Amino acid sequence: MALLWFFCGGWGSSFATPTVQVRLQVAPATHSFACEYTFSLPATDTASVVRLNLNRQFSIQHLTSSQAIRQRVVRRYYPYFADTMQQVEVRFLAHLRRARQLTFTYSGTLDKNLRTAQVMEFSGHSNWLPFRPLLEYEVIAYSLVVSVPPAYQVRSATPGQHEHGQWTFRGTGSAVEITALVAPQFQQVASAKGPRILVIKAAPPLLARDTLLLHKAEDIIAFYNRSLGAQDPITRFSVLLPGTNRDAFGLLDNATVITYSDFDVSKKDELLILAHEISHKWWGYGSVHDETEWLNEAFATYASLLYLRASGDSAGYRTELAKRVKSAAGAPAISGFDREQAPYPLFRRVIYDKGTVVLAALHARVGTEKMCAILAKTAAEKVSTTAGFLAVVAQVSGPATRQWLGAELRH
């Protein structure tokens with residue numbers, strides 16, 4: 001079965017933030033859609049070739065760029081997903097010192113796992129968007145305009161504007177995480193004070209567990225804002241519940257999508273999922289292609305355990321950490337870990353579990369005050385490499401701790 005994610009290529013030559021404009025037209029009756037996608041690079045980005053990978057099951061209708069000297073669509077094998085993807089390639093004059101733009105249109109049908117009788121889920125796990133090779137999660141500024149039939153509504157990670165059947169959203173997030181939930185109606189419950197927190201459900205009715213979810217999200221966010229988010233606190237957050245019943249994932253754009261239709265945070269495992277995914281507001285800048293994904297997943301896992309302990313469940317914290325210690329025993333080193341050569345269970349042991357154990361050991365070494373300072377600085381500076389994290393550790397706790405941590409990561 002084709003894996004519908006998007007990929008292959010190389011890194012750009014600068015860190016200028018691209019802008020993306022998406023115009024999405026949805027036909028719920030046939031579970032199909034058409035999309036016009038415009039990708040723009042600022043003049044400060046010197047890349048002369050732009051490559052965008054797209055799900056090969058979608059049909060590309062039109063590609064245009066007024067500044068291009070060559071443009072084409074080819075097939076590329078993407079090792080990370082062991083699948084072939086379509087690649088849109090647009091070549092510009094070398095060292096063109098002005099903004100470059102390309103637009104293409106494509107259409108397709110959402111996979112059956114991404115929809116219900118009432119809902120269509122366009123999200124970071126729906127594989128509906130293009131992205132630059134190896135840069136699925138690069139930060140982009142975006143606008144999203146969604147057209148739907150009169151009987152339908154749209155919700156996203158950010159507040160939207162609705163006029164004449166079109167819903168418009170704007171934000172800053174990861175390239176593949178632009179989100180649109182389409183349904184005949186939505187229910188929501190909102191925080192009464194503090195950061196604006198919404199739980200948005202794509203199918204009625206609201207249940208007692210949805211209100212409990214809101215209260216736990218409020219509690220988690222308050223804890224994070226005092227600790228790891230102290231230098232970059234959450235001021236708004238959305239929990240999106242499409243009911244498509246697959247998985248859960250956090251967004252950089254101050255939101256999380258939880259598809260499980262029976263999600264209940266009165267259960268500890270599901271409370272930890274919520275805390276983990278909320279923390280991805282900060283932990284989402286490391287590459288997903290190499291060892292640096294521990295900066296995403298181990299940090300989110302450890303953040304959730306810290307919340308568990310802060311909420312008064314110290315026994316639960318010890319139990320959950322002990323599980324990770326047992327799993328990590330004998331696992332390969334984090335530094336230099338090649339996830340493409342590892343089966344998924346080993347990847348989990350190294351990136352999630354061993355990474356969590358290393359963070360717990362760092363915490364035990366430096367104490368809670370310095371650990372919070374390390375996490376807050378890492379989050380605020382959007383650190384995306386292990387070397388960058390080691391530099392933060394050295395700044396907060398000194399070179400000896402940096403040297404110790406480097407050895408732990410190589411062990």
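Arg155 stands opposite Leu181 in strand 13, where strands are DSSP runs of E with at least two residues, and helices are runs of H or I with at least four, numbered from the N terminus. This is a predicted model in which local features need pLDDT of at least 70 and side-chain atom pairs count only at pLDDT 80 or more, while totals for chains, interfaces and linings use all residues. Residues are numbered from 1 along each chain as its sequence is written, and side-chain values use heavy atoms, without hydrogens and water.

**Strand 13 and its partners**
- Strand 10 (residues 153-155) runs antiparallel to strand 13 and is joined to it by 3 bridges; pairing requires at least two DSSP bridges between two strands.
- Strand 8 (residues 120-122) also pairs with strand 13 in the antiparallel sense over 3 bridges, and Phe122 stands opposite Ala180.
- Within strand 13 (residues 180-183), Ala180 and Val182 point one way, Leu181 and Ala183 point the other way, and all are buried (under 20% relative accessible area, 1.4 Å probe, protein chains only).

- An open sheet of 3 strands has the order 3-6-5 with antiparallel pairing.
- Strand 3 (49-54) and strand 5 (70-78) are at the edges with a single partner strand each, so one side of each lacks a neighbour in the sheet.
- Strand 3 and strand 6 (residues 83-91) are joined by 6 bridges, and Val49 has Arg91 as its bridge partner.

Conventions
Buried means under 20% relative accessible area, exposed over 50%, partly exposed in between (1.4 Å probe, protein chains only).
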